[in-house]
Structure formats: C-alpha cells, structure tokens
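Visitor: I am new here. Please show me the structure, and then let us talk it through.

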Amino acid sequence: HRNYCKLHSLKAITSPYRNVVFCRAEPRHKQRLVQLLQSGRGETSDGAPVALDEIVAMTGDGVNNAPALQQASIGAVLGVTDTEVAKQAADMVLPDDDFPGTSARSSR
C-alpha cells in the first residue's frame with residue numbers, strides 16, 4: 001500500500017494492461033481505488049485524458065471492508081470465515097473458503 005499512498009494521478013493504474021489487480025490494500029485504500037476506477041479520469045499512453053468507468057470487483061472480510069464491498073460493481077466474500085457485516089454488504093457470498101471450483105450465491 002505504500003506505492004498507492006504516493007499516487008498523485010491515475011497514470012500508474014491506467015496502463016496499457018486491461019486488467020489490474022491490487023492486493024493487500026487497506027480498507028480506506030479499497031474505497032478510494034473503487035471510486036477512482038469507477039468515476040475517475042486517467043490518461044492514455046500518449047497522455048490524453050480518458051474517463052475510466054471501470055467495472056470493479058472487490059473482496060474483503062471484515063466490517064471495515066463493507067463500504068468498499070458496497071461501492072464496488074461486484075463485492076465478493078467467503079461464506080465461512082468472513083463477518084456477517086461483510087456478507088450483508090457483498091453481492092456474492094462464496095459458500096466455502098475453497099476458491100477453486102466453488103459456486104456462489106447472490107446476497108442482494
């Protein structure tokens with residue numbers, strides 16, 4: 001999260017890559033990332049401004065992640081270990097904590 005804290009523009013996350021993954025982000029940074037990716041402005045490789053309007057998926061496990069889970073296009077949590085608050089805020093609750101081959105149910 002140190003690098004994220006130093007971002008002054010979205011140029012660092014609006015690279016030529018179509019999919020970007022952030023990991024181990026603090027809950028306050030998760031909210032800001034969702035906001036920036038959904039409604040922020042970025043730059044093309046030649047510096048031209050562009051609206052991001054990204055679809056953002058977010059995961060989180062605790063009460064402090066609930067705002068980012070709600071704000072994201074799709075919020076996902078694990079059904080066994082995550083808090084009830086996170087489950088209520090999420091769009092998708094995975095029925096167990098084993099990601100491979102699991103199916104999900106909608107909570108909204």
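Visitor: Which residues does K30 touch, leaving out those up to four places away in sequence?
Guide: This is a predicted model, where local features need pLDDT of at least 70, side-chain atom pairs count only at pLDDT 80 or more, and totals for chains, interfaces and linings use all residues. Residues are numbered from 1 along each chain as its sequence is written, and side-chain values use heavy atoms, without hydrogens and water. Contact means heavy atoms within 4.5 Å. By that rule K30 touches A25, M58, T59, G60, N65 and A68.

Visitor: Which residues of α2 are buried?
Guide: K30 lies in helix α2, a DSSP run of H or I with at least four residues, numbered from the N terminus. Helix α2 covers residues 27-39. Its buried residues are H29, K30, L33, V34, L36 and L37.

Visitor: In β4, what is the bridge partner of A57?
Guide: Strands are DSSP runs of E with at least two residues, and two strands pair if DSSP finds at least two bridges between them. Strand β3 (residues 57-59) and β4 pair in the parallel sense over three bridges. The partner of A57 is I74.

Notes:
The expected span of a helix is 1.5 Å times one less than its number of residues. Buried means under 20% relative accessible area, exposed over 50%, partly exposed in between (1.4 Å probe, protein chains only).
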